[in-house]
Every structure is written in structure tokens, then in C-alpha cells.
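Trainee: Please take one part of this model and go through it closely. I would like the aromatic contacts and the strands around them in one connected account.

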Amino acid sequence: MQKFIIRVDSENSQILEKMDEECFVLATSLDAEYCRKFVEKAVAENRVVLFYGDNAIEKAKQYDADGVILDLGAEKLKEKMADVRKQLGKRKFVGLFTRNRRHESMIVSEVEPDFVIFKVWKDGFENVKELTDWYNDFFLIQSAAWIMEDGVPAENLRTDFVIK
């Protein structure tokens with residue numbers, strides 16, 4: 001059964017007050033005070049907080065978050081991932097985006113992130129479903145579906161996580 005990661009792109013007092021899910025991913029563009037409060041409350045409630053966006057590594061370090069979600073591309077990925085692990089430490093989570101292609105998902109998996117992320121839109125859903133089915137048949141690294149728009153039937157994807 002898939003677990004949900006809640007994406008927080010704007011300040012939302014309801015999410016901050018009632019942390020029902022186990023994991024959250026915060027946009028780096030959020031206000032510093034909101035991020036501080038969010039991470040403090042998440043730690044108190046034993047929740048996981050990741051950052052994504054520009055300067056995600058710096059934000060994760062600043063707030064002592066649990067990790068990051070990054071788009072490192074496919075070139076020199078091994079060196080980039082080694083640098084990320086060096087900056088964050090080995091105990092932090094790193095999720096990496098992959099383009100929705102088999103070859104790139106293999107390359108991304110080779111650097112051993114904690115999970116690989118596939119972006120999913122309604123248009124092209126069947127292609128991503130086929131890709132995530134294939135991925136989960138061959139790889140042990142967990143996968144996530146980053147839902148890009150409402151109406152995507154994420155429950156039909158064979159991913160470990162759904163980010164929405």
C-alpha cells in the first residue's frame with residue numbers, strides 16, 4: 001500500500017496544526033518562520049520533513065530537516081550524489097527526480113538515492129504507469145509518484161509513495 005508525502009507549497013495552518021501524514025516535503029520558497037515552526041512541530045510529532053527547490057540542501061541543514069528531494073539531472077550524477085551525501089550526511093534522506101525514461105531511471109538508481117521520483121500528469125499517465133511497473137519489477141530502490149495535477153489516478157501506480 002502506498003504511503004503519502006504531503007507537498008507544502010504555500011503556508012497552510014491546517015497542515016501545520018494537524019499533521020496526519022508521516023512525511024512532508026516543504027518548498028524552499030516558504031517563509032523562514034513557517035519552515036522553522038513546521039520542522040519543530042514535525043520533530044515533536046515524530047514526522048519526516050524534506051525540502052525541495054532551490055537551495056534545498058542548505059534549507060535542510062538550516063532547519064535540521066530529514067532530507068531533500070533534488071533534480072540532479074543525469075550527467076556526472078555519481079559525483080553530484082557524493083557531494084550531496086557529504087553535505088547532508090549519510091543519515092539524511094535523498095529523493096531524486098528522474099525523467100520518465102527507463103535509461104535515466106536506471107542511471108539515477110545506480111547512485112542509490114533513498115527513492116526515485118517520477119512526475120505524473122493525466123496526459124501520459126499510461127506511459128508513466130508502464131514505466132513504474134517496469135521499474136518496480138527490476139529495482140529495489142523505492143519509488144515515488146510526484147502528482148503534477150488533480151485527477152491523476154495515483155492509486156493505479158506501483159509506487160511506494162505518492163507525493164501530492
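Mentor: Y135 is buried, with a relative accessible area of 0%, and F118 is likewise buried at 0%; buried means under 20% relative accessible area, exposed over 50%, and partly exposed in between, using a 1.4 Å probe and protein chains only. This is a predicted model, in which local features need pLDDT of at least 70 and side-chain atom pairs count only at pLDDT 80 or more, while totals for chains, interfaces and linings use all residues. Residues are numbered from 1 along each chain as its sequence is written, and side-chain values use heavy atoms, with hydrogens and water left out.

A pair of aromatic rings is described by the distance of the centres and the angle of the planes. Rings of Phe, Tyr and Trp (its six-membered ring) pair if their centres lie within 6.5 Å; planes under 30 degrees apart count as stacked, over 60 as edge-to-face and the rest as tilted. The whole structure has ten aromatic pairs. In one of them, the ring centres of F118 and Y135 are 5.4 Å apart and the planes stand at 70 degrees, so this pair is edge-to-face. Helices (H or I, at least four residues) and strands (E, at least two) are DSSP runs, numbered from the N terminus. Ring pairs also join F118 and Y135 with W134, F138 and F139 in a cluster.

Another ring contact involves K119, whose charged end sits over the ring of F97, 4.9 Å from its centre. The criterion is NZ of Lys or CZ of Arg within 6 Å of the ring centre and within 35 degrees of the ring normal.

Strand 6, helix 6 and strand 7 form a right-handed β-α-β unit; right-handed means that, with the strands pointing away from the viewer, the path from the first strand over the helix to the second runs clockwise. Strands 6 and 7 run parallel and are joined by six bridges, where two strands pair if DSSP finds at least two bridges between them. V120 stands opposite I147 of strand 7. Strand 7 (residues 142-147) is largely enclosed by the rest of the structure, because five of its six residues are buried. Beyond that, three bridges connect strand 7 to strand 8 (residues 161-163), again in parallel, and A144 has F161 as its bridge partner in strand 8.
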